[in-house]
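Q: I am new to this structure and would be grateful for a close look at a single part of it.

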Amino acid sequence: MADWTDAQRKTVASVWGQLDAEIGAHALARVLIVYPWTQRYFGSFGDLSTAAAILGNGKVAAHGKVVLQALEKGVKNVDAIKSTYTDLSRLHCLTLKVDPDNFRLLADCLTIVIATKLGAAFNPQVQATWQKFLSACVIALGSQYV
Amino acid sequence: MSLSAKEKKLVKTFFAKITPKAEDIGHEALSRTLFVYPQTKTYFSHWKDLSPGSPQVRKHGMTVMGGYMDAVEKIDDITGGLMSLSELHAFTLRVDPANFKIITHNVLVVMAMYFPDDFTPEVHVAVDKFLSKVNQALSEKYR
């Protein structure tokens with residue numbers, strides 16, 4: 001899919017290495033708060049009525065971890081992102097029936113949460129490479145939609 | 001998607017907090033727009049230096065940030081308040097309005113970088129809504 005220079009591979013690995021396990025939970029919580037229509041997919045998660053409820057919701061936190069674990073597969077396979085996410089793409093289309101625009105929203109929230117963690121270290125070059133990686137994941141997740 | 005009274009307050013409070021860093025934020029957001037989304041450089045082909053840190057990027061970053069600060073002052077009627085800016089973008093600059101979302105994203109990223117503790121999810125949604133309204137107001141005169 002995309003071509004990666006050695007510098008870009010190092011950057012993706014380096015950003016990943018600086019993230020803690022909570023990042024997925026924070027990013028997913030932001031998606032649900034900033035784009036509340038995304039809550040349609042999480043009817044079984046209990047109380048999502050306020051930002052505080054979302055931030056304290058155990059199911060949101062747990063699912064954030066699941067998402068992060070899936071993202072790690074892409075991090076470890078930057079040269080085969082499309083094939084890495086083929087099955088997940090089918091799952092999101094056929095079973096979960098998630099509008100693929102949501103992948104872009106999650107990618108944006110993940111970028112913003114990472115910016116809060118890395119601060120000035122998230123310079124333009126790092127942002128460009130990280131967003132290139134996330135764009136590839138977003139495209140891959142949408143690739144099996146019919 | 002209109003701003004509630006609470007959200008307007010959150011936006012005003014947050015923008016007051018970031019005012020000392022306004023120049024840096026504007027510069028960083030514009031730098032990232034030009035660097036991470038190179039297609040945006042097409043609007044600045046008359047500049048000598050489009051790299052992060054260049055005097056022209058700094059100056060224009062300040063101009064853009066000034067526009068946002070002005071919109072905060074006019075938060076109760078953003079469309080009316082930004083009419084002449086919309087005319088400028090529509091008839092003179094002719095910037096494709098799709099680019100407004102790009103700079104918005106980079107403004108959010110830079111705010112998150114500089115103010116990680118203040119840029120809470122509640123502030124994030126209020127500012128995102130505010131910037132969306134600014135983008136809408138800027139698009140008003142296009143057609």
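How much area do chain A and chain B bury between them, and what share of it lies on carbon and sulfur atoms? Please describe the side of chain A that touches chain B as well.

A: The model is a predicted one. The size of an interface is often given as the accessible area lost when the parts come together. Here chain A and chain B bury about 1800 Å² between them, and 68% of that area is on carbon and sulfur atoms. Within chain A, the residues that lose the most area to chain B are R30(A), I112(A) and P124(A); together they account for 29% of what that side buries. In terms of contact, 22 residues of chain A and 19 residues of chain B take part.

As for polar interactions, seven residue pairs are in polar contact across the interface of chain A and chain B, both residues at pLDDT 80 or more. The count of salt bridges between chain A and chain B, by contrast, is zero.

The side of chain A that touches chain B draws at least two residues from each of α2 (23-34), α3 (51-55), α7 (101-118) and α8 (124-142) of chain A. Of this side, α7(A) supplies the largest share, with six residues. Sorted by class, the side of chain A that touches chain B consists of 13 nonpolar, seven polar and two charged residues.

Terms used:
Residues are numbered from 1 along each chain as its sequence is written. Chains are lettered from A and ligands numbered from 1 in the order in which they are written. This is a predicted model: local features need pLDDT of at least 70, side-chain atom pairs count only at pLDDT 80 or more; totals for chains, interfaces and linings use all residues. Side-chain values use heavy atoms; hydrogens and water are left out. Contact means heavy atoms within 4.5 Å. Buried area is the accessible area (1.4 Å probe) that two parts lose on being put together, summed over both. A salt bridge is a side-chain nitrogen of Lys or Arg within 4 Å of a carboxyl oxygen of Asp or Glu. A polar contact is a pair of N or O atoms within 3.5 Å; within protein, one must be able to donate a hydrogen and the other to accept it, and residues adjacent in sequence count only if both atoms are side-chain atoms. Helices (H or I, at least four residues) and strands (E, at least two) are DSSP runs, numbered from the N terminus. Ala, Val, Leu, Ile, Met, Phe, Trp, Tyr, Cys and Pro count as nonpolar, Asp, Glu, Lys and Arg as charged, and the others, Gly among them, as polar.
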